[in-house]
Amino acid sequence: MAEITYLEAIREALDEEMARDEHVFMLGEDIGAFGGAFKVTDGLMAKYGEARVIDSPISEIAIVGAAAGAAHMGMRPVVEMQFIDFIANAYDMLTNYVATARYRAFLPTPMVVRGPSGGYVRGGPFHSQNPEAGFIHTPGLKVVYPATAEDAKGLMKAAIRDDDCVLFFEHKYLYRRIKGVMPAGDHVVPIGKARLAREGKDLSIITYAAAMHKSLEAADRLSKEDGIEVEVLDLRTLAPLDDEAIFATVRKTNRVLIVHEDTRTGGIAGELTARINESCFAHLDAPVLRVTAHDIPLPYAPALEDFVLPQVDDIVLAVRRLVSW
Amino acid sequence: MPPKTGLLATGGTAPRAGHLGEALPTEQKLELYYWMRLTRTLEERLVALYRQTKVVGGLFRSLGQEADSVGSCYALEQRDVMSPLIRNMGAMLVKGATPVEILKQYMARGDSPTRGRELNIHFGDLGEAGKTRGFLGQISPLGDMVPVMAGVTLTFKMRGEDRVGLVYVGDGATSTGAFHEGINFAAVQQLPLVVIIENNGYAYSTPTSKQSAVKQFVDKAIGYGITGERCDGNDVLAVYDCTKRAVSRARAGEGTQLLEFMTFRRKGHAEHDNQSYVPDGEIERWAAENDPIDRFVRVLRDREHVPQSTLDEIDARIHAEIDAATDVAEASPLPQPHDALIGVYADPPAEKPLWYREGADVSSLGKERAEGWGTWDASKGGKS
């Protein structure tokens, strides 16, 4: 099997699910004839027609709201936020309407909201965001953020088949930089399960998305330069969190570094730290540390963006500090 | 300022040829009377229960607006889907919601339609035609149901179903982004959706003059490129006529429709609101001159020659129905506290209670000691 990119893996999942289930349809800005700003949906309108790949007005509230209404009626909409930054426009619809629908009204709302996320691409303040933490805080939503091409495909298929709303964050830095060989057959990765990306014994890095690759790079350097064997846990799903996998790696290595690209205050590292503190306190040999973005809107200039976002050197420094605590 | 009533207050539209409301047989006009009277009497019962503290949350009235809810929803077929706002209890009753469901909702009972999760008339019954009653429960943020109903009607279009959607908003909701995005999306997609703006003069305490600079809300239809119509919301037959034609246009593939019904909110936003912001005499004037039930009773007596005894019989039937429903609701169980944890997601089906709600043995918590404990090396000073 040939390698395909992270982006192609997502498209393959969308294509396979549209072919498998006639209830799956797409809704979003410029996704049809144009194929989407990043071409994730390229070719799907030609294959499945305008009725199933719908170009919408610039209306994130309407896109998400209409998806919810269609989902109530038995459809499985997959909607695109052209950039995930614009999901903020639909925050009310997602948190007040969609997230509560099953609980308050027993309404099935199986839908996927997907979009290009994340920085390291010189996108500036409105094309680089990582807004996942705001949604992790909302009961009723599921949140996934894959780091590999294989997981991007398998999690997208799981998200489309899930009976609740799944927010699917796609890291745009990884779109065409990461490749993978797709497992044969119907490749579905379960939501809610983390993945051990690298085994190690000295310290655990808990991370996800593009920061997972920075963490692996740091781990390789630390192995070569310091003889430190870092374990890397790729969360893959941010809501619900895989407590079992998180606590297992903490109990194994007794030292934890959390790495995420999201800003620091209110980022998921805080929640992970609290859970580890509550459940694994006696297993810790050092405080839980974080490497995150600074609490700064993401700036455009390379020198500024690189300073704000976590880099491999930052992770190496933090690991060295932790193992010698 | 409240809307200028003028002609609207003096008796509504004159009978005219092709008037679908006027053309209804007397039997159906009596059904309209039944639904309007049921709405008002049920709300009066809810006020009594509220004062007895048996309604645990707020209470919302539609006094004086019964005609626009009932007349418009009566224009739908059973297979159509309607999404109400807080003053559309009448529309919900027409669509099949029952007094006992509404009473249980207000009284937060465990077997209420939302099992105590949601308040008042925030509930629905949505899905396949013929298997569900076809109404979708609202949420509190205003305007949100317009995009959602656009999605519901999008499925009608996709599946080639002969169904229409109807969604109510107030004058206040027209100022929201959700209203704009939803109606624009529906218009572009030519969805079979009827959007009704109930202009009752106030959004909470804010008069329409501070809500919008348009002279009439129906003018917004021009901006969306859709058909709009405005009518006297306190004339139930005019409301029916206007809605029936809009529903027929939507069903015939003519796309999204906008209607504005002129009415007046004679009670506060909720029961606690004393309406200090309404000019003196305005509420009394509407009650005396433009009560939708009084007006319709005159039509039934003068034009349809319905004897008072027939109306009295209907009123008595309604009282008996509400008495029986109240007894059932009062005898119904309260929710079990742990039921709060069920059904946030399909999977997992329930959340776990937090440890301090599990009856856990606190003394054993947090005292485990791992093998790795004690590897901290004091000689390094705790720092790298």
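A: In H7(A), the residues A:Lys214, A:Ser215, A:Glu217, A:Ala218, A:Arg221, A:Leu222 and A:Asp226 meet A:Val312, A:Ile315, A:Val316, A:Val319 and A:Arg320 of H11(A); two residues are in contact if their C-beta atoms, placed from the backbone, lie within 7 Å. Six of the residues in this contact are nonpolar, one is polar and five are charged (Ala, Val, Leu, Ile, Met, Phe, Trp, Tyr, Cys and Pro count as nonpolar, Asp, Glu, Lys and Arg as charged, and the others, Gly among them, as polar).

This is a predicted model, in which local features need pLDDT of at least 70 and side-chain atom pairs count only at pLDDT 80 or more, while totals for chains, interfaces and linings use all residues. Residues are numbered from 1 along each chain as its sequence is written, and chains are lettered from A and ligands numbered from 1 in the order in which they are written.

Helix H7 of chain A spans residues 210–226, and its axis lies 9 Å from that of H11(A), at an angle of about 55°. Axes are lines fitted to C-alpha atoms, for helices over the stretch in contact, with angles from 0 to 180 degrees between N-to-C directions. H7(A) and H11(A) are therefore oblique to each other, since angles under 35 degrees count as roughly parallel, over 145 as roughly antiparallel, 65 to 115 as roughly perpendicular and the rest as oblique.

Helix H11 (312–323) of chain A is also among the helices that each supply at least two residues of the side of chain A that touches chain B. Helices (H or I, at least four residues) and strands (E, at least two) are DSSP runs, numbered from the N terminus. That contact takes 38 residues from chain A and 42 residues from chain B. H3(A) gives the most to the chain A side, with nine residues.
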